[in-house]
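Hi,

Here's the structure I promised to pass on.

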Amino acid sequence: MFWTFVATVFCGLGAAGIALGIRTATRNKAPKWIIPVFAGAGMLGYLIHGEYTWYDHKQAQLPEEAIVVDTERDGILWRPWTFAFPYVTAFSTVDTKSISYDTGNPDVVRFTLYRFEQKVADAVSHRIHILNCQTRELVPLGSDGTPRVDNMKTLNNGDALLNTVCTG
């Protein structure tokens with residue numbers, strides 16, 4: 001986060017430098033207000049670029065065994081352009097090395113699901129789940145290892161999570 005702040009400030013300074021160059025090239029006929037406008041636009045442009053490239057950057061950092069199974073795109077009220085051009089704010093991956101068939105039923109699979117969220121500081125959480133490939137029932141496990149049946153959900157036939165875990 002500190003380096004993002006430093007980069008934002010330098011983008012603003014660079015854009016302000018471009019505005020100073022424009023004023024010099026026009027022999028100061030360009031208005032003075034162009035300098036802070038360029039500085040603000042440079043900083044805002046850098047932050048918007050960071051938001052829209054966050055997902056690609058994080059995906060490039062994932063190991064080969066991590067497969068993305070879900071993405072979330074949201075429009076945010078204080079960023080009105082996101083309603084026209086939404087960007088990925090969160091995504092979930094399955095660690096294929098964590099997939100195990102440790103029960104007596106070969107249709108029941110245990111795996112670790114990771115969730116990455118773009119916030120002020122990136123957030124990563126993980127949870128172990130059990131999936132019945134036959135009935136498509138997904139159940140998270142609690143911290144004590146017991147199934148949280150109250151959080152059970154049924155996946156659709158074409159769900160990427162179902163296809164990754166059950167056919168992988």
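One term before we start: a residue is called buried when its relative accessible area is under 20%, exposed when that value is over 50%, and partly exposed in between. Also keep in mind that this is a predicted model.

Arg-136, in the loop between E4 and strand E5 (137-140), has a positive phi, near 65 degrees, and isn't a glycine. Is Arg-136 buried, exposed or partly exposed? Its relative accessibility is 25%, so Arg-136 counts as partly exposed. Arg-27 isn't a glycine either, and its phi is positive at about 55 degrees. You'll find Arg-27 in the loop between H1 and helix H2 (34-61). With 75% relative accessibility, Arg-27 counts as exposed because the cut-off for that is over 50%.

Now for the inside. In soluble globular proteins, nonpolar side chains tend to be buried together. Here the largest nonpolar core has 12 residues, including Val-69, Ile-99, Val-109, Phe-111, Leu-138 and Val-165. Which elements give two or more residues to this core? They are strand E3 (108-117) and helix H4 (160-167). Another core lies apart from that one; it has seven residues, among them Trp-54, Val-88, Phe-91 and Phe-116.

If you skip its neighbours within four places in sequence, Val-109 is in contact with Ile-99, Ser-100, Tyr-101, His-129, Ile-130, Leu-131, Cys-133 and Val-165.

Next, the strands. E3 pairs with two partners that I'd like you to trace:

- Strand E2 (residues 87-95) runs antiparallel to E3, and five bridges join the two. Ala-90 stands opposite Glu-117 in E3.
- Strand E4 (residues 123-132) also runs antiparallel to E3, joined by 10 bridges. In this pair, Phe-111 stands opposite His-129, and a hairpin of five residues leads from E3 to E4.

Last, the surface. Which residues form a nonpolar patch there? Phe-5, Val-9, Phe-10 and Leu-13 do, with about 440 Å² of accessible area together. Phe-5 sits in helix H1 (residues 2-25), and it counts as exposed because its relative accessibility is 56%.

Cheers

Methods:
Residues are numbered from 1 along each chain as its sequence is written. This is a predicted model: local features need pLDDT of at least 70, side-chain atom pairs count only at pLDDT 80 or more; totals for chains, interfaces and linings use all residues. Side-chain values use heavy atoms; hydrogens and water are left out. A nonpolar core is a set of buried Ala, Val, Leu, Ile, Met, Phe, Trp, Tyr and Cys residues joined through side-chain atoms within 4.5 Å. Buried means under 20% relative accessible area, exposed over 50%, partly exposed in between (1.4 Å probe, protein chains only). Helices (H or I, at least four residues) and strands (E, at least two) are DSSP runs, numbered from the N terminus. Contact means heavy atoms within 4.5 Å. Patches are made of residues with over 30% relative accessible area and no salt bridge: like charges are joined within 9 Å, nonpolar side chains (Val, Leu, Ile, Met, Phe, Trp, Tyr) within 5 Å. Accessible areas come from the Shrake-Rupley method with a 1.4 Å probe; for residues, only the protein chains shown count as cover. A salt bridge is a side-chain nitrogen of Lys or Arg within 4 Å of a carboxyl oxygen of Asp or Glu. Two strands pair if DSSP finds at least two bridges between them.
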